[in-house]
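Colleague: I would like to learn how to read a couple of features in a model like this. Can we take them one at a time?

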Amino acid sequence: MALRLLSRAMSCHIRGLQLNATGRPLNSCSISRLKVPPAAWWCSQNRLLHVRITDQEAGLQTKREANRNQNPFREEVLEELAPAAPRERRQLKPEKKPKEKSSKKVQDFGDPDTFGDAKVVAKEDPGDIEEEEFISNPTRRSKKLQAIEYARQIKDHLKANRLNEAIAVLEQRMLKEDRAKPDKYIYNLLISGCAKAGYTRKAFSLYTKMRQRGIQVTGGTYTSLFNACANAPSVTDGLTKAQIVRENMLEKGYEPNVKNYNAMIKAYGRCGDVDTAYMLADEMMERQLELNADTFNFLLQACASHSEHGFRHALLTWHNMLQRGISPDYYSFNAMLRCTRDCGFGDLESMREVLDQIAPSAARQKPVLQLEEGQKDDLPSVQSSTASLPGQIEVATTASELELPNLLLPQPHLGSLVALEEVTRPHERFLLLGGLNGFLEHMKLHHITPDIETFTAMLEVIPPTNAAEKQLLTFVRKIGLKADIDFFNILIKKRSMRFDYESAKEVLFMIRTAGLRPDIVTYGVLALGCRTQEEARELLEQMQVAGIKMNMPILGAMLRQGCASKSFSYVNEIIQLSLEEGIKPNESFLRHLHNFHRGCARAIDARHPSTKTAAFKKGHSKFCDKYRLYYEEQGLAGLKLEDAIAKVKERPYESFKLPPVDGMEPLKHEQLKHKTKQRKYIKKIKISELQDDPPKESLKRIA
């Protein structure tokens, strides 16, 4: 009975809970069954439906909004209101703005011991901004080029001698702007361009980046690197880097070919390591690689770098080339002319052994003349011989007709007279090669036509007489060659060095007759003949009319003449010109000033009579003041000579790192820049009317 009453009491409560959950309306049957009055039931429903309204009326929602606005840790961007919020709050909602780039927020809470004073400070990392702009902003060019198009641009710059612009195509446009991946062909192009220009450090920097990118290094890359070593401005730097490349080749097990060996011989030979150059040639023979004309040409260039014994080595190399059946070419004859100009043949005993080897028949015909033996030098591939050659061979023909020796022939002869102990100057060594006529006949025998560069080299080894120069000009005119300004510059220099200044000035008329224009080198060699201040001022006026600026070589040549004539006013004027024009001194300029200053001091200490005159004392005092002021203006005060030279010495790679400056005078004339060298015929020059050799009294050196 008790359980029945409890179940009836609980059933009414359970049924009410179900109605609240489902929200279905009550029918009359359910109401009558539960026996609950309708009015009471609606009151309970209204109380359940108005719970949230009662909270808002109580002010709870207003307090929440107030607390939210005062919260210091609240985000700056407001959250979206719930869809069930009242219409008044929806009107206060801020309008939506276009989305901006979100910046990283850094919260600065201030003092850690203080609570509630935290501040929000928005800061942006510069690296993130740069990276975001790099990624989002488009490149300057809308379309990337193909690799062959980049290579074509680099080729165009290299052909126009614009090395910096060619490098910028790779480093600036490809890597930074277009973000294109370079290949080995582009790297090889730039390394080859740097090698030809002598920019050795940049060539090896590109080689290092090439290896870092995992690009394959080919045989052409090694050839270009050795060419860069051969053209390096510093011999020490060239040898060091050549050794590095050679070690890299050995580490990788790369077997060099003929072109690689030729480039190695060229590099070691030009840098002065003649022994290594000949050792590489022997290594080519051991590996049974063919030695061609280029190999022997580079060996002759190596001989030219040995100033003491290079002429003797060149003769051995020449005849070794002929024995192998290799015909000399145009570069072989030019290399022999260079060896004749710059190199000697060493001691007499070694030279006699060489002549005995290349001309054994001539050695047996003449008696032996004992001479003092000098220090014997090791010769490349020279075998010792028991026969010896006389130091002097007597005349075998009549006195009216002398036969010059020619050591370049396959079967050389010694001619009428050879006095080895007297062969010391370039034109005397050139006579051993047959002289001008014999040398040109030998070139004709090998079907080689000399050009103006060959005659320019001959101009420096012919005898220093006007007759020999006229003969050479006749050959140039007979062959029909076009002479350039360099040919006449060497002619002016040759006449100025033998103190024949009137004949040197005569060349200016020859230049105008040929239709050429003097350049800055022309005025530089003419400055060698400015013995007085008046002549120097006249030359400077001519330069100003021609629109050519003075440079340090011209001032140095004038300073040399001023120091030789011991003219204080001349020297002071040259120093003042250097200060006014802002021309930086070079090594020779500082040495001339130092030697002149020291010579004056020694003369004063020795109490020479010329130092006791009033003019000398006044001029020397002014020179000392000018000399001291010049050192102070150049920042060399208190430095010794060698330290001052080291400070003003030009860095070999500065010309490649700095852009060209407007207003600076180039080495050549501006009209010849980036253009083919202008050459003109000399048919209008009347060679027969040129000035003859001056009398011997005028050849004395000016004290």
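Colleague: Is Cys303 buried or exposed?

Modeller: This is a predicted model, so read each value as computed from it. The cut-off for buried is under 20% relative accessible area. Cys303 has 0% relative accessibility, so Cys303 counts as buried.

Colleague: How many disulfides are there?

Modeller: A disulfide is a covalent bond between the sulfur atoms of two cysteines. Here the test is a pair of cysteine sulfur atoms within 2.5 Å. The count comes to zero disulfides. For Cys303, the nearest cysteine sulfur is that of Cys339, 5.6 Å away. Cys343 is in no disulfide either. Its nearest cysteine sulfur also belongs to Cys339, at 4.9 Å. Cys343 counts as buried because its relative accessibility is 1%.

Colleague: Now helices. How do H14 and H15 pack?

Modeller: Two packed helices are described by the angle between their axes and the distance between the axes. H14 spans residues 258–270, and H15 spans residues 274–286. Their axes are 7 Å apart, at an angle of about 165 degrees. Angles over 145 degrees count as roughly antiparallel. H14 and H15 are therefore roughly antiparallel to each other. Their crossing is left-handed.

Colleague: Which residues of H14 and H15 meet?

Modeller: From H14, the list includes Val258, Tyr261, Met264, Ile265 and Tyr268. From H15, it includes Val274, Ala277, Leu280, Ala281 and Met284. Asn262 and Gly269 in H14 also take part, as do Thr276 and Glu283 in H15.

Colleague: What is the makeup of that contact?

Modeller: The residues divide into 10 nonpolar, three polar and one charged.

Note on methods
Residues numbered from 1 in each chain as written. Predicted model: local features only at pLDDT ≥ 70, side-chain atom pairs only at ≥ 80, totals over all residues. Heavy atoms only, no water. Axes fitted to C-alpha atoms, helices over the stretch in contact; angles between N-to-C directions. Helix = DSSP H or I, 4+ residues; strand = E, 2+ residues; numbered from the N terminus. Parallel < 35°, antiparallel > 145°, perpendicular 65-115°, else oblique. Left-handed = near helix turned anticlockwise from the far one by under 90°. Contact = heavy atoms within 4.5 Å. Nonpolar A, V, L, I, M, F, W, Y, C, P; charged D, E, K, R; others polar. Buried < 20%, exposed > 50% of the residue type's maximum accessible area, 1.4 Å probe, protein only.
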